[in-house]
Amino acid sequence: MINKVIDDLVEGNITPIKQNPDEVTYTYALTKEDEHLKFNKSNFLVNAKIRALSPNIGATFYIDGKSYKVYEAFIDDTLYSGEVGSIVEVGKKSFKVMCDDNKAIEFRKIKPEGKNLMNVSDFLNGNGRNVLVKGKIVL
């Protein structure tokens with residue numbers, strides 16, 4: 001479909017229509033609150049927000065009062081029990097946080113406050129092993 005439109009544009013078969021300035025709409029600038037992840041939504045919606053804010057802005061979450069940006073995450077459809085927003089699993093390369101649908105979001109790339117972007121595996125090799133603990137609440 002896009003190829004046909006491009007061909008028509010190149011061949012001059014498309015007549016541009018000037019936009020009516022009275023009908024122009026603008027979006028608002030994103031705020032820090034817009035970047036904040038809320039785990040009281042489905043893992044699908046949490047992942048969609050992460051993808052929408054990556055790679056430039058990053059979605060934010062907090063552990064122990066410190067902020068972290070997430071740049072890569074995946075949906076985990078395994079059913080978990082526990083508190084929404086709690087860490088339900090910590091692996092060698094990722095950690096998972098439970099969402100409202102009792103399913104999890106799996107984090108793979110994060111940027112801890114004051115640090116560079118890194119794989120979760122690298123974070124866990126350092127101080128992260130004391131931060132990412134099963135059962136800890138992620139805000």
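A salt bridge here is a side-chain nitrogen of Lys or Arg within 4 Å of a carboxyl oxygen of Asp or Glu. By that rule, Asp 77 and Lys 103 form one, with the closest N and O atoms 4.0 Å apart.

## What you are looking at

This is a predicted model, in which local features need pLDDT of at least 70 and side-chain atom pairs count only at pLDDT 80 or more, while totals for chains, interfaces and linings use all residues. Residues are numbered from 1 along each chain as its sequence is written, and side-chain values use heavy atoms, with hydrogens and water left out.

## Overall layout

The protein chain has five helices and six strands. Both kinds of element are DSSP runs numbered from the N terminus: helices are H or I with at least four residues, strands are E with at least two. Reading from the N terminus, the order is α-α-α-β-β-β-β-β-β-α-α.

What radius of gyration does the protein chain have? The value is 20 Å, whereas a compact globule of 139 residues would come in near 14 Å. Along the principal axes, the C-alpha atoms fill a box of roughly 60 × 30 × 30 Å.

## Surface, burial and contacts

Of the 139 residues in the protein chain, 35% are buried. The classes used throughout are buried (under 20% relative accessible area), exposed (over 50%) and partly exposed (in between), with a 1.4 Å probe and protein chains only. The protein chain exposes about 9,300 Å², and carbon and sulfur atoms supply 53% of that. Those areas come from the Shrake-Rupley method with a 1.4 Å probe; for residues, only the protein chains shown count as cover.

Take the contacts (heavy atoms within 4.5 Å) between residues at least 6 apart in sequence: 53% of them join residues at least 24 apart. As for charge, the mean positions of the 20 positive and 19 negative charges are 9 Å apart. In that count Lys and Arg are positive, Asp and Glu are negative, and His and the chain ends are left out. Each charge is placed at NZ of Lys, CZ of Arg, CG of Asp or CD of Glu.

## Salt bridges

How many salt bridges does a search of the whole structure find? It turns up nine. Back to the opening pair, Asp 77 and Lys 103, with their closest N and O atoms 4.0 Å apart. Asp 77 sits in the loop between strand S2 (66–76) and strand S3 (87–90), and Lys 103 in the loop between strand S4 (95–98) and strand S5 (104–112), so the pair ties together parts that are 26 residues apart in sequence. Asp 77 is exposed at 52%, while Lys 103 is partly exposed at 26%.

Asp 8 and Lys 4 make another pair, with closest N and O atoms 3.0 Å apart. They are four residues apart in helix H1 (residues 2–11), so about one helical turn separates them. Asp 8 is buried at 18% relative accessible area, whereas Lys 4 is exposed at 54%. Then there's Glu 33 with Lys 38, whose closest N and O atoms are 2.5 Å apart. Both ends are partly exposed: Glu 33 at 47% and Lys 38 at 32%. Asp 76, Glu 89 and Lys 96, meanwhile, are linked in a network of salt bridges.

Is the peptide bond from Ser 54 to Pro 55 cis or trans? It is cis, with omega near 5°. Pro 55 lies in the loop between helix H3 (43–53) and strand S1 (59–63).

Two non-glycine residues with positive phi are worth a look. Asp 64 has phi near 55°; this residue is in the loop between S1 and S2 and is exposed at 56%. Asn 102 has phi of about 65°; its place is the loop between S4 and S5, and Asn 102 is partly exposed at 35%.

## A buried serine

Ser 67 lies in strand S2 and counts as buried at 18% relative accessibility. Leaving aside residues up to four places away in sequence, Ser 67 touches Thr 60, Phe 61, Tyr 62, Lys 111, Pro 112 and Glu 113.

Methods: Rg over C-alpha atoms; globule rule 2.2 N^0.38 Å.
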